[in-house]
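Please look at the sequence and the structure before reading on.

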Amino acid sequence: MNYIILGAGGIGSYYGAKLLEAGHNIIFIARGKHLKALNECGLSLSHPTFSFKKQVIACSLDDLKLDKLPKIDAVILTTKSTTTYKIAKYLSTIFNDNSKYPFIVSLQNGVENEDILSNYFPKDNIIGALTRKIGAHIIKPGQVEVTGNVETIIGALEKTDKNKIFLENFSSDVKKSGILCEITENIRLELWKKLIINNGVNAMCALLEIETGVLMHDKSLSRIVYGLMQETANAAKAINIIIKKEDVDSMFELIRNFDSIKPSMLVDKEFNRALEIDEICGVVIKYNEVQGMDAPYTRTVSSILDFVYNLK
């Protein structure tokens, strides 16, 4: 199949490299020094069970010329959620022929990306997705380091015969590439369960400049993490998604027992990039407010992080 990896950072590079090794055609969309390195030296990626060092096809989004490419089966979107509006709007100008619309697989943080994309593409072309048990970062331009026994969950917002076939084919491609993958009937629930982890550790690690292992094995700090996670579960009720206490406990134990990593927000802070505070923490605050409740843990941590970061 023909895939575009839009956002060749750590996670995008990993999925792209694995799918490329499995025999698929991959175009990496990147920018800046990383794009320059990809074109000049290729992609170098290391994982405990997988290594990759090859020339790849890479370009900027502005230089993507569809008239010179075969039909694209799917765009795998791995950019920061802060860019989703801008990218969705731009993609709609590129893919402006209804008969040639690709599937858009949102492999991003947050729970609102799919709805944003649905404003620009047919809803049945939007595939929600998440990856977990992974730490993946660019360590220098063209070089990516990945850890974890990576798992993928995918699902359609609006189920049709067309996207059912795509989900089966895409899942098969991902699994054959060596990445665990499952199809869910309720992708929104799974996205919110991922948000439980993200809201639990992302802002805290960025604020304190520590990895998850340090955070989760400190008794006092881990209690705050649990409070952040519970506020996320409470927020989900605003859109009729019920996350049980055992689900919160499960997510807490998952990140506590996982390899210690730098969450994405900490890495973004280190590289002076935009932080996904609104897309992770802000969503939790907003959906608690809709129900007449506050989210004091989330509001406190995210407000201090935002203030401190913007002082720089």
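## Packing and overall form

Trp192 touches Val111, Thr232, Ala235, Ala236, Ile239, Ile241, Ile243, Val283 and Tyr287, leaving aside residues up to four places away in sequence; a contact means heavy atoms within 4.5 Å. The model is predicted, so local features need pLDDT of at least 70 and side-chain atom pairs count only at pLDDT 80 or more, while totals for chains, interfaces and linings use all residues. Residues are numbered from 1 along each chain as its sequence is written, and side-chain values use heavy atoms, without hydrogens and water.

Trp192 is also listed, with Ile4, Leu6, Leu91 and Phe95, among the residues with the most contacts inside the largest nonpolar core. A nonpolar core is a set of buried Ala, Val, Leu, Ile, Met, Phe, Trp, Tyr and Cys residues joined through side-chain atoms within 4.5 Å, and buried means under 20% relative accessible area with a 1.4 Å probe, protein chains only. Helix α6 (residues 187–208) gives this core its largest share, eleven residues. Another core lies apart from it and includes Ala8, Leu19, Leu43 and Val56.

| Core | Size |
|---|---|
| Largest nonpolar core | 65 residues |
| Another core | 38 residues |

In soluble globular proteins, nonpolar side chains tend to be buried together. In this chain, buried residues make up 54% of the 312 residues.

The chain has twelve helices and twelve strands, taken as DSSP runs (helices H or I, at least four residues; strands E, at least two). The C-alpha atoms fill a box of roughly 55 × 40 × 35 Å along the principal axes. Of the contacts with a separation of 6 or more, 70% join residues 24 or more positions apart.

Notes
Buried means under 20% relative accessible area, exposed over 50%, partly exposed in between (1.4 Å probe, protein chains only).
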